[in-house]
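Morning, everyone. I have one structure to walk through today. Please have the viewer open.

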Amino acid sequence: RMMGLRADMTPQVARIDANRMRRDTPTRLCYLGTVLRTRPDGMGGTRSPFQVGAELYGHAGAASDREILSLLMETFRACGVRDVHLDIGHAGIYREVSARAGLDRKQTDALFDMLQRKAVPEIEQWLAALRLEPKVHEGLAALAMLNGDREALKEARSLLSFVGDNVSLYLDMLESLGEMLGQRYPEVSINYDLSELRGYRYETGVVYAAYVPDEGREIARGGRYDGIGRHFGRARPAVGFSTDLKILQRLTGKDFSGESALIWAPENGDAELAETVASLRARGERVIVALDGQTGPRDLGCTRRLINQGGQWVVQEIE
């Protein structure tokens, strides 16, 4: 027998976009489901997160990066998650610098590992053995420490100027995103980090990770991964984010227990009643329609009920 386990939802979403929808226009998709990991993400992490996320396919411009990042920030706002710290980087910068240095795949992966650990002395020793040009050596070594506010971007422009115009373009993109986030979400702390490279093997553009105090790992991550649908026969630009609903539930500063209290509705086949129920649900209300043999509304947790008054269905508190 064969048992299928999914470690991530993104490949399935990419397959849906490539094979089921096959649109030429941008497609916005969201998902929620369990995934299983061989190892937890960091100390205290779970092997079975309840992954929730959003992805946008078919648009390669900065507007879709802004939209997905804004949606992530709105998710935190809706859940009442406070003191968010966002690290932003760009996978293309590391690719351009390592290519300019002439690093092969094995060397690129080795340096990536050291950058994630910010092992500066180890990086210096490793680079010295390669006998690179002084400016290339200096630029690669600096990646581990190029993080902070806009001054970090300014320093990066100077240290990485030898690479070419693409890096300058990527730095402009990061600065523009940071300005947008600062205007729309002033409560969020923005940190530019050029060694923020999680998923660089498939990420192609802007990458980001969100943190909050007292959590030893990121609470959400995302970025651009153009061409991910190539394995399903249709490569399209793509950008998205994912988080764990269990983490959001634990961190939420809101009390959702009193919102949208349940409404009980009788089942009598009345067309106007059905229309009223549909209207209430469209406004975000939760309505339970009675079934044959079902107990009273109190047993179902309902605190309100729909009753007919003068030929109209109205909501009334249950006393």
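This is a predicted model: local features need pLDDT of at least 70, side-chain atom pairs count only at pLDDT 80 or more; totals for chains, interfaces and linings use all residues.

Start with strand S7, residues 220-224. Buried or exposed, what are its residues mostly? Buried: 4 of the 5.

Now look at what S7 pairs with. Strand S6, residues 206-211, is joined to S7 by 4 bridges. The two run antiparallel. Then go to strand S8, residues 238-244. S8 is also paired with S7, with 5 bridges, again antiparallel. Here, pick Arg221, whose bridge partner in S8 is Ser242. As background, side chains in a regular strand alternate between the two faces of the sheet.

Next, the nonpolar cores. The largest one has 58 residues. Which of them touch the most other members? Phe76, Leu86, Leu140, Leu143, Leu160, Leu194 and Tyr208. Which element gives the core its largest share? Helix H8, residues 165-184, with 7 residues.

Stay with Phe76 for a moment. Leaving out residues up to four places away in sequence, Phe76 touches Val81, Val84, Ala210, Ile219, Ala220 and Leu248. Ala220 falls within S7. Ala210 falls within S6.

There is also a second, separate core, of 10 residues. Among them are Met9, Ala14, Tyr225 and Ala238. In general, nonpolar side chains in soluble globular proteins tend to be buried together.

Met3, Leu5 and Leu36 make a nonpolar patch of about 330 Å². Leu36 is in the loop between strand S1, 27-34, and strand S2, 50-57. Why does Leu36 count as partly exposed? Because its relative accessibility is 35%, and that class runs between 20% and 50%.

Last stop: Arg305, in strand S11, residues 304-309. Arg305 is partly exposed too, because its relative accessibility is 27%. What does Arg305 touch, not counting residues up to four places away in sequence? Ile263, Trp264, Pro297, Val314, Val315, Gln316 and Ile318. Finally, a distance to check on screen. Arg305 and Gly205 are 100 residues apart along the chain. Their C-alpha atoms are separated by 51 Å.

That's my tour. Over to you.

Note on methods: Residues are numbered from 1 along each chain as its sequence is written. Side-chain values use heavy atoms; hydrogens and water are left out. Buried means under 20% relative accessible area, exposed over 50%, partly exposed in between (1.4 Å probe, protein chains only). Two strands pair if DSSP finds at least two bridges between them. A nonpolar core is a set of buried Ala, Val, Leu, Ile, Met, Phe, Trp, Tyr and Cys residues joined through side-chain atoms within 4.5 Å. Contact means heavy atoms within 4.5 Å. Patches are made of residues with over 30% relative accessible area and no salt bridge: like charges are joined within 9 Å, nonpolar side chains (Val, Leu, Ile, Met, Phe, Trp, Tyr) within 5 Å. Accessible areas come from the Shrake-Rupley method with a 1.4 Å probe; for residues, only the protein chains shown count as cover. A salt bridge is a side-chain nitrogen of Lys or Arg within 4 Å of a carboxyl oxygen of Asp or Glu.
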